[in-house]
Amino acid sequence: MDHTAHHEGSTHDHHAHRSPGGKGDGEVTWRAAAQATLHCLIGCAIGEILGMVIGTALLWGNVQTMVLAITLAFVFGYSFTLFAVRRAGLDFKTAVKVALAADTLSIAVMELVDNGIIALVPGAMDAHLSDALFWAALLGGLAVAFLVTTPVNRWMIGRGKGHAVVHAYH
């Protein structure tokens with residue numbers, strides 16, 4: 001999935017992300033914020049789940065597993081945006097700058113919340129891949145992270161930052 005998926009087949013009015021009657025005051029719809037967060041969540045979830053599965057399967061310690069999961073979440077999160085803006089014609093250096101500007105705070109908040117929940121759920125970090133607790137903590141953490149990150153993205157888009165930076169290129 002890429003950042004342009006919800007634009008295919010139609011002319012997209014970038015001002016539609018603003019609430020009706022918005023006067024350029026930075027007011028952004030919750031739908032636009034949720035879409036931006038969902039894009040971030042997909043990349044984060046792939047990296048997070050992959051990192052947790054690899055670390056757990058290799059019997060790594062909690063710290064090493066979380067570091068891998070967080071690193072992969074950032075890699076996959078940035079990659080989705082990077083590929084989308086590269087397809088829009090940006091050179092690699094500019095595309096990296098756009099991805100960093102668009103996703104850094106969103107991914108950081110999402111990872112802080114998700115990993116915080118996983119760390120705080122009793123037994124979750126010691127659970128095995130076959131344990132329901134492992135998956136419940138991981139997926140539950142991602143769901144809560146989505147809910148916490150959506151207002152952050154709404155605030156950022158309203159100030160022309162975050163996902164709003166990506167919209168300039170498609």
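Helices are DSSP runs of H or I with at least four residues, numbered from the N terminus. The model is predicted, and local features need pLDDT of at least 70, side-chain atom pairs count only at pLDDT 80 or more, and totals for chains, interfaces and linings use all residues. Residues are numbered from 1 along each chain as its sequence is written, and side-chain values use heavy atoms, with hydrogens and water left out.

H1 has 28 residues. From first to last C-alpha the helix reaches 38 Å, close to the 40 Å expected at 1.5 Å a residue (the expected span is 1.5 Å times one less than the number of residues).

The structure holds zero disulfides, a disulfide being a pair of cysteine sulfur atoms within 2.5 Å. The sulfur of cysteine 40 lies 3.8 Å from the closest cysteine sulfur, that of cysteine 44, which is too far for a bond. Cysteine 40 counts as buried because its relative accessibility is 5%, and cysteine 44 counts as buried at 0%. Here buried means under 20% relative accessible area, exposed over 50%, and partly exposed in between, with a 1.4 Å probe and protein chains only.

Threonine 65 is found in helix H2 and is buried, with a relative accessible area of 3%. Its C-alpha is 7.7 Å from that of isoleucine 54, at a sequence separation of 11 residues.

The largest pocket has a volume of about 200 Å³. On a 1 Å grid over the protein atoms alone, a pocket is an open set of points where a 1.4 Å probe fits, with protein on both sides within 12 Å along at least five of seven lines, and lining residues have an atom within 4 Å of a point. Grid points are joined across faces, edges and corners, and the volume is the space filled by probe spheres set on the points.

The lining of the largest pocket comprises 16 residues, with Thr56, Asn62, Met125, Asp126 and Ala127 nearest the centre. At least two lining residues are supplied by each of helix H1 (30–57), helix H2 (62–87) and helix H4 (132–158). By class, the lining has 10 nonpolar, five polar and one charged residues; Ala, Val, Leu, Ile, Met, Phe, Trp, Tyr, Cys and Pro count as nonpolar, Asp, Glu, Lys and Arg as charged, and the others, Gly among them, as polar.
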